[in-house]
Amino acid sequence: MSLAWSVDSVWIAFTRIRERTDVFLAHREGGPQIEVGAGDRVSWRKNPPELLVAANGPPTSRIYTFDLTTRKQVEVAKVDKLMYPLVQWHPTLDRFAYVESEGAGREASGGIWIRSADGTGASSLDLGRAVFSPQWSRDGTSLTALGGGDEVIVPVIELLTGRRIAVLCRRGGRPPADCV
């Protein structure tokens, strides 16, 4: 995981690998670090619980929230034999999206899911195709991802509607006819 700044730029989350990978927080002014717990992916929001953490490890992976004030973890999702390579709060902070995958890559082989902030109401986005790297728009009206393309083109898909927004050329040119 790369460094991840809190919404207010006061805290920075990072991982430390020991016997397992753990998430820690450091205040921008220094001081003691806070150990959040096992995890290797995070997403911040501005109100408690501020941190959404994915902890991947055989045989079970889990997603939990972490409250900076109480330092409490609350499990919101759990899966056996799959990993969570991506977790992301929705801009309205009332739900989050995550990817279930057979590996550590961002391919959604186990599906892209949306849950309420408390972990209830899980719904899968059944796309009937491979997708990668989902991302909420800043206003939360779109959830886009790269579609499973081929050696030449990659479609950009709006996941909530299934609409193709654009086509990217892997090697240059203008899509779709001029992709090389």
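A residue counts as buried when its relative accessible area is under 20%, and in this predicted model 44% of the 180 residues of the protein chain count as buried.

**View 1. The protein chain as a whole.** The secondary structure of this predicted chain comes to 16 strands and zero helices. Of the contacts in the chain with a separation of 6 or more, 26% are accounted for by residues 24 or more positions apart. The views that follow turn to particular strands, residues and a pocket.

**View 2. The open sheet β1-β2-β3-β4.** Four strands, in the order β1-β2-β3-β4, form an open sheet in which the pairing is antiparallel. Because β1 and β4 (34-38) each have a single partner strand, they stand at the edges, and one side of each is left without a neighbour in the sheet. Within this sheet, strand β2 (residues 11-17) runs antiparallel to strand β3 (residues 21-27), and seven bridges join the two. One place to look at this pairing is Ile-17, which stands opposite Thr-21 in β3.

**View 3. Strands β10, β11 and β12.** Strand β10 (residues 95-101) pairs with strand β11 (residues 111-116) in the antiparallel sense, over six bridges, and here Phe-96 stands opposite Arg-115 in β11. Strand β11 also pairs with strand β12 (residues 123-125), again in the antiparallel sense, over three bridges. In this second pairing, Ser-123 in β12 is the bridge partner of Ile-114. The two strands β11 and β12 form a hairpin with six residues between them, and Gly-119, in the turn, has a positive phi of about 95 degrees.

View 4. Ala-77 lies in strand β8 (residues 73-80). Is this residue, Ala-77, buried or exposed? Its relative accessible area is 5%, and because buried means under 20%, Ala-77 is counted as buried. When residues up to four places away in sequence are not counted, Ala-77 touches Ser-61, Arg-62, Ile-63, Tyr-84 and Arg-115. One of these, Arg-62, is 15 residues apart from Ala-77 in sequence, while the two are 5.5 Å apart in space, C-alpha to C-alpha.

**View 5. The salt bridge between Arg-62 and Glu-75.** The side chains of Arg-62 and Glu-75 meet in a salt bridge, at 3.7 Å from N to O. This pair links distant parts of the chain, with Arg-62 in strand β7 (residues 60-66) and Glu-75 in strand β8, 13 residues apart. Arg-62 is partly exposed, with a relative accessible area of 22%, and Glu-75, at 40% relative accessibility, also counts as partly exposed.

**View 6. Further salt bridges in the chain.** The count of salt bridges comes to six. Side chains of opposite charge can pair when their charged atoms come close. In one of these salt bridges the side chains of Arg-18 and Asp-22 meet, at 3.1 Å from N to O. Arg-18 is partly exposed, with a relative accessible area of 45%, whereas Asp-22 is buried, with a relative accessible area of 3%. Arg-18 and Asp-22 also belong, together with Arg-20 and Glu-35, to a network of linked salt bridges. Elsewhere, Arg-95 forms a salt bridge with Asp-94, in which the closest N and O atoms are 2.9 Å apart. Here Arg-95 counts as partly exposed at 27% relative accessibility, and Asp-94 is partly exposed as well, with a relative accessible area of 39%.

**View 7. The largest pocket and its lining.** The largest pocket has a volume of about 730 Å³. It is lined by 26 residues, and those that lie nearest its centre are Ser-43, Trp-44, Gln-88, Trp-89 and Gln-135. The elements that give two or more residues to this lining are β1 (4-5), β5 (41-44), β9 (83-89) and β13 (131-136). Which element gives the largest share of the lining of the largest pocket? That share, five residues, comes from β9. By residue class, the lining of the largest pocket divides into 15 nonpolar, six polar and five charged residues.

Key:
Residues are numbered from 1 along each chain as its sequence is written. This is a predicted model: local features need pLDDT of at least 70, side-chain atom pairs count only at pLDDT 80 or more; totals for chains, interfaces and linings use all residues. Side-chain values use heavy atoms; hydrogens and water are left out. Two strands pair if DSSP finds at least two bridges between them. Buried means under 20% relative accessible area, exposed over 50%, partly exposed in between (1.4 Å probe, protein chains only). Contact means heavy atoms within 4.5 Å. A salt bridge is a side-chain nitrogen of Lys or Arg within 4 Å of a carboxyl oxygen of Asp or Glu. On a 1 Å grid over the protein atoms alone, a cavity is a set of points where a 1.4 Å probe fits but cannot get out, and a pocket is an open set with protein on both sides within 12 Å along at least five of seven lines; lining residues have an atom within 4 Å of a point. Grid points are joined across faces, edges and corners, and a volume is the space filled by probe spheres set on the points. Ala, Val, Leu, Ile, Met, Phe, Trp, Tyr, Cys and Pro count as nonpolar, Asp, Glu, Lys and Arg as charged, and the others, Gly among them, as polar.
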